[in-house]
Amino acid sequence: MNALLLSFLFLGLTAASHIIYRRLKPAKKVDAIPILVIASFWLTTLSFLLRSSHSLNASIPVFFVLAALAYIILHTTTLHQSPSHAILLSLQKRGEADEPQLLQDWSDAKLVDPRLSDLVQSGCVSLDSGRYVVTPLGKKALGFIRGYQKCLGRKVGG
Amino acid sequence: MGPGLLSFAVFFILHNLVYRRLRQAKLLKWLEGLFVTVGALLVITGILTGFSGAETFMAFMIYALLTFIYIVAIDSIYESSIRIRLLREIAAAPAGLTRDEIRARYSSKVILQTRLMRLEAAGDIQKTPHGYKLARSAGLLLGFIGVVKFFRKIYGEPE
């Protein structure tokens with residue numbers, strides 16, 4: 001039980017360290033490396049403290065790594081607000097709203113353009129004389145995505 | 001650790017086996033039900049086979065984290081990622097597309113309508129004579145959004 005409580009304490013320390021880091025060095029995009037470095041430091045310290053044999057010894061590092069990955073995902077979610085979440089929050093605030101009212105908060109410049117820029121920055125798409133074209137890297141990524149969707153019988157998302 | 005990994009494997013297999021047969025509307029409810037059922041079986045099996053409380057809890061946490069990572073980071077991306085949809089639209093035009101052409105095919109209006117349809121099908125919102133409102137079952141999702149908002153505040157992100 002002590003090992004379990006220590007694990008949660010060190011997870012809390014990982015999150016707190018990363019929050020302090022983010023406050024000191026704000027970032028507009030997700031950077032997983034600081035989280036992984038911080039998590040590795042605290043995991044090493046925890047492993048040292050729990051170095052004597054314990055029934056949970058094999059599980060704790062796995063749990064810690066998974067929790068760090070889940071934290072990275074949560075961190076990504078905070079930086080890129082999901083449109084579905086924005087709809088729910090808008091309805092919570094207004095009580096009731098129709099499509100034109102909900103669309104007031106949205107625009108192509110807000111929803112589409114930043115994501116186009118992300119695609120260009122990631123190398124999946126190139127911007128050439130005002131036209132967006134898929135790169136070989138983008139085609140590879142799409143091939144993988146299409147394969148997975150076909151496997152599951154899914155339609156185009158978005 | 002083993003029971004947690006095995007439970008996730010069961011979840012993954014069942015989810016992908018049944019997925020094709022489900023209508024879009026049932027997907028989220030199916031995922032929720034599957035997660036709870038497999039998790040409950042894990043805990044019951046742990047108790048009955050003599051694992052300690054700490055070991056059972058750890059196995060459940062590993063299962064829950066793996067499921068969370070899979071659903072949010074992998075599964076959801078295929079369902080609702082705007083970037084992937086944009087990539088597909090651009091790839092469908094061999095000569096590429098201008099910004100205006102992309103907006104004509106996939107605009108903020110289309111994004112909104114798709115999500116309204118999905119949220120209504122999942123039972124998170126209800127259609128009313130004047131538009132839409134939150135359904136009672138949206139509580140869990142709003143709870144998660146609350147956590148995200150809390151972290152945004154702590155990170156110092158603007159509202």
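Buried means under 20% relative accessible area, exposed over 50% and partly exposed in between, with a 1.4 Å probe and protein chains only. The legends below describe a predicted model, in which local features need pLDDT of at least 70 and side-chain atom pairs count only at pLDDT 80 or more, while totals for chains, interfaces and linings use all residues. Residues are numbered from 1 along each chain as its sequence is written, chains are lettered from A and ligands numbered from 1 in the order in which they are written, and side-chain values use heavy atoms, with hydrogens and water left out.

**View 1. The tilted ring pair of B:Phe35 and B:Phe60.** B:Phe35 is partly exposed because its relative accessibility is 26%. B:Phe60, at a relative accessible area of 24%, is likewise partly exposed.

**View 2. Aromatic pairs in chain B.** Rings of Phe, Tyr and Trp (its six-membered ring) pair if their centres lie within 6.5 Å; planes under 30 degrees apart count as stacked, over 60 as edge-to-face and the rest as tilted. Because B:Phe35 lies in helix α2 (residues 27-48) of chain B and B:Phe60 in helix α3 of chain B, the pair ties together parts 25 residues apart in sequence. Helices (H or I, at least four residues) and strands (E, at least two) are DSSP runs, numbered from the N terminus. A cluster linked by ring pairs comprises B:Phe8, B:Phe11, B:Phe12, B:Phe35, B:Phe60, B:Tyr63 and B:Tyr70.

**View 3. The largest nonpolar core.** A nonpolar core is a set of buried Ala, Val, Leu, Ile, Met, Phe, Trp, Tyr and Cys residues joined through side-chain atoms within 4.5 Å. This core has 36 residues, of which A:Phe63, A:Phe64 and B:Phe11 touch the most other members. Two or more residues come from each of α1 (2-24), α2 (32-49) and α3 (59-79) of chain A, and from each of α1, α2 and α3 of chain B. The most, 11 residues, are given by α3(B). Leaving out residues up to four places away in sequence, B:Phe11 is in contact (heavy atoms within 4.5 Å) with B:Leu31, B:Leu34, B:Phe35, B:Tyr63, B:Thr67, B:Tyr70 and B:Ile71. Another core, of 33 residues, lies apart from the largest one and includes A:Ala97, A:Trp106, A:Val112 and B:Leu86.

**View 4. The interface of chain A and chain B.** Contacts join 75 residues of chain A with 75 residues of chain B. The two chains bury about 7100 Å², 69% of it on carbon and sulfur atoms; buried area is the accessible area (1.4 Å probe) that two parts lose on being put together, summed over both. Between the chains there are 4 salt bridges, each a side-chain nitrogen of Lys or Arg within 4 Å of a carboxyl oxygen of Asp or Glu. B:Arg83 and A:Asp118 form a salt bridge at 2.7 Å, N to O.

**View 5. Confidence in chain B.** The predictor's confidence in each residue is given as pLDDT, from 0 to 100. Chain B has a mean pLDDT of 82, with 87% of its residues at 70 or more. Within chain B, helix α7 (residues 139-155) has the lowest mean, 78, and strand β1 (residues 97-98) the highest, 92.
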